[in-house]
Amino acid sequence: MRQSLLLLLCPLLMSGCSKADPVIAGDEEFHRWYTVEQVASGNIVFQQNCAQCHGEQAQGLVSEWRVRLEDGSLPPPPLNGTAHAWHHPKSVLLQVINGGGAEFGGKMPGFAAVLDEAQKLAAIAFFQSYWTDEIYAQWMQMGGTN
Ligand code: HEC
């Protein structure tokens with residue numbers, strides 16, 4: 001079971017080599033809240049719903065993601081631990097995914113009615129698999145899994 005999932009994830013691992021390798025094990029060894037299975041299903045959810053804006057490896061599409069666009073909105077930030085997604089606990093990440101950015105003048109669409117709870121959590125697991133252990137530990141210190 002575990003073996004076949006790892007095979008499934010191989011392309012992910014290989015394309016991740018230029019950046020940080022994804023941490024796919026969500027078990028005690030890495031102290032992550034998610035499982036390998038969630039990262040695998042999150043990959044599918046993410047590619048279908050999020051990658052067009054946040055990049056296939058959650059790396060973001062523009063380097064100047066802090067600079068507002070002409071219409072005053074912000075470009076989609078990277079979610080791979082290099083921007084500030086790790087400042088938000090899981091409950092807040094879920095709120096953003098559910099409500100999108102409309103509330104604060106942003107352009108991200110809301111996914112409340114598009115994805116179920118398991119898919120949203122899997123998408124979070126997927127982009128967190130790119131977080132270094134250091135970033136993940138800082139997120140945990142700030143109450144990450146709350
Ligand atoms: C149409 C483009 C678009 C799509 C599709 C999209 N996002 Fe976003 N996302 C954004 C933008 C733009 C922002 C910045 C806030 C804003 O302007 O709405 C953002 C912000 C976020 C944030 C907050 C990041 C931070 O650092 O605070 C998270 C988390 C997030 N998106 C996750 C997702 C997930 C997960 C999906 C897929 C289910 C997704 N987004 C799909 C454009 C998008």
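The chat below turns to the ligand surroundings and then to one helix and its neighbours.

Analyst: Happy to, and please keep in mind that this is a predicted model.

User: Which residues come nearest to the ligand?

Analyst: Cys-50, Cys-53, Gly-101, Gly-106 and Met-108 come nearest, out of the 25 residues around the ligand. Two elements each give two or more residues to that shell, namely helix H3 (51-54) and helix H4 (90-99).

User: And how many of the shell residues are nonpolar, polar or charged?

Analyst: The shell around the ligand has 15 nonpolar residues, nine polar ones and one charged residue.

User: Switching topic, is H5 largely enclosed or open?

Analyst: Helix H5 is largely enclosed by the rest of the structure, because 10 of its 12 residues are buried. Those buried residues include Leu-121, Ile-124, Phe-126 and Phe-127, and Lys-120 is also among them.

User: What covers them?

Analyst: The cover over the buried residues of H5 includes helix H2 (36-49), H4 and helix H6 (133-141).

User: How do H2 and H5 sit relative to each other?

Analyst: Their axes come within 7 Å and cross at roughly 100°, and a crossing angle from 65 to 115 degrees counts as roughly perpendicular, so that is how H2 and H5 are described.

User: Which residues meet there?

Analyst: On the H2 side they include Val-39, Val-45 and Phe-46, while the H5 side includes Leu-121, Ala-125 and Phe-126. By class, this contact of H2 with H5 has nine nonpolar residues, five polar and no charged ones.

Conventions. Residues numbered from 1 in each chain as written. Predicted model: local features only at pLDDT ≥ 70, side-chain atom pairs only at ≥ 80, totals over all residues. Near = placed C-beta within 6 Å. Helix = DSSP H or I, 4+ residues; strand = E, 2+ residues; numbered from the N terminus. Nonpolar A, V, L, I, M, F, W, Y, C, P; charged D, E, K, R; others polar. Buried ≥ 20, exposed ≤ 12 C-beta atoms within 10 Å, placed from the backbone. Contact = placed C-beta atoms within 7 Å. Axes fitted to C-alpha atoms, helices over the stretch in contact; angles between N-to-C directions. Parallel < 35°, antiparallel > 145°, perpendicular 65-115°, else oblique.
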